[in-house]
Amino acid sequence: MRRPWNIINVPVYSLVTQGEERLNVNICTYVSAVSMKPKLYAIAIDYNSQTYKNLLDTDVAVLQILSHKNIDLVKPLGKKSGFKYDKQRYLEKKDALTEWNGQQVLKDSSAILLLKKQNSLPAGDHELFIFETTRSKTFTDDNILMFQDLIEARIIL
């Protein structure tokens, strides 16, 4: 029997942050819209991640709702550390990046949101960041990559 947090089916997101010279892309499922006006998102980020380090130094991030076309990116972006693995170089070799609103983002995402960091607080083994959406665009609402798709593809066991 699965744990309670693994029986729900939520979208799979990527969070793009900029480091000193390189971008990093993190796979996230601990994401929730928490306010309508202004449109706020809460995103839990592991303390031991490059994304967490980047978010200490920047107020801007890009949240993307992934599509099924992005499923092959989940393992390298979600299971490899940005401290040890150059995710930007990987994505450039795969020709998987494009530009949106002056930000590098993944191609083929379902939707994209430009975020501005508002606040953060400790939340167990993660830091809970609150972001305000400053811009957004929906490309498609079909074929959204969902958590259960990762289980069925044996990416998450």
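How many of the residues of strand β4 (residues 40-46) are buried? In this predicted model, 6 of the 7 residues of β4 are buried, and the strand is mostly covered.

**View 1. The open sheet and its strand order.** An open sheet is formed by 7 strands, arranged in the order β2-β1-β5-β8-β9-β4-β3 with antiparallel pairing. Strands β2 (23-28) and β3 are the edge strands, each of which pairs on one side only. From one strand to the next, the twist averages 35°.

**View 2. Strand β4 and its partner β3.** Over 4 bridges, strand β3 (residues 31-35) pairs with β4 in the antiparallel sense. The two strands are joined by a hairpin through 4 residues. Within this pairing, serine 32 is found opposite alanine 42 of β4.

**View 3. Strand β4 and its partner β9.** Strand β9 (residues 126-138) and β4 also pair in the antiparallel sense, here over 7 bridges. Isoleucine 43 has phenylalanine 129 of β9 as its bridge partner. In the strand order of the sheet, β4 stands between β9 and β3.

**View 4. The pairing of β5 with β8.** Strand β5 (residues 60-65) and strand β8 (residues 111-123) run antiparallel and are joined by 6 bridges. Valine 62 has leucine 114 in β8 as its bridge partner.

**View 5. Helix α1 against the sheet strands.** Helix α1 (residues 50-57) lies across β1 (13-18), β2, β4, β5, β8 and β9. The helix runs at about 50° to β1. Among the strands that α1 lies across is β4, the mostly covered strand with 6 of its 7 residues buried.

Terms used:
Residues are numbered from 1 along each chain as its sequence is written. This is a predicted model: local features need pLDDT of at least 70, side-chain atom pairs count only at pLDDT 80 or more; totals for chains, interfaces and linings use all residues. Side-chain values use heavy atoms; hydrogens and water are left out. Buried means under 20% relative accessible area, exposed over 50%, partly exposed in between (1.4 Å probe, protein chains only). Two strands pair if DSSP finds at least two bridges between them. Axes are lines fitted to C-alpha atoms, for helices over the stretch in contact, and angles run from 0 to 180 degrees between N-to-C directions. Contact means heavy atoms within 4.5 Å.
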